[in-house]
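Subject: Structure handover

Hi,

Here is the structure for your set. My notes on what turned up follow below it.

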Amino acid sequence: MPGEFITEAPISQVLDGHRLGEPGTVQCMNGECQQKLHDGHQITIYTSQSGGGTEWVITGVYCAGDCEPEPSNHQTDAQTDVIARAWLGVISLAATQVSLLCVTDVKVVG
Ligand SMILES: [Zn+2]
């Protein structure tokens, strides 16, 4: 089928360098924490890929450790959920002088 391809790359490799789209900080999504996380923090990310898609979407960002919610465990055919540990890094765009957060050193944990 035109345009279709199968990626055999490990999810961690696909997610490595994934931009979070926030300049500067991203907020922990645990309602009791809401800490502003920045470059150098270790985080836990929840990601999902809809059926047939090749695009991984980060659905949650938390401080690594205490802030992680329980895994939902509702894997379906329509969606694949992955939990991974990563470090926050920064991509600097010289042309626009903007620094964007990204995830680096991704390790899938669940
Ligand atoms: Zn937190």
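Strand E5 (residues 79–93) and E6 run antiparallel, joined by 9 bridges. Strands count as paired if DSSP finds at least two bridges between them. Within this pair, Ala84 stands opposite Val108 in E6.

Some ground rules. This is a predicted model, where local features need pLDDT of at least 70, side-chain atom pairs count only at pLDDT 80 or more, and totals for chains, interfaces and linings use all residues. Residue numbers start from 1 along each chain as its sequence is written.

The sheet: 4 strands form an open sheet, ordered E4-E3-E5-E6, with antiparallel pairing. Strand E4 (57–63) and strand E6 (98–108) each have a single partner strand, so one side of each lacks a neighbour in the sheet. From one strand to the next, the twist averages 40° (axes are lines fitted to C-alpha atoms; angles run from 0 to 180 degrees between N-to-C directions).

Overall, the protein has 1 helix and 6 strands. These are DSSP runs: helices are H or I with at least four residues, strands E with at least two, numbered from the N terminus. The order from the N terminus is α-β-β-β-β-β-β.

Thr25 lies between helix H1 (11–15) and strand E1 (26–27). Thr25 counts as partly exposed because it has 15 C-beta neighbours inside 10 Å (buried is 20 or more, exposed 12 or fewer, with C-beta atoms placed from the backbone). Leaving aside residues up to four places away in sequence, Thr25 touches Lys36, Leu37 and His38; contact means C-beta atoms, placed from the backbone, within 7 Å.

Best wishes

Conventions:
Contact = placed C-beta atoms within 7 Å.
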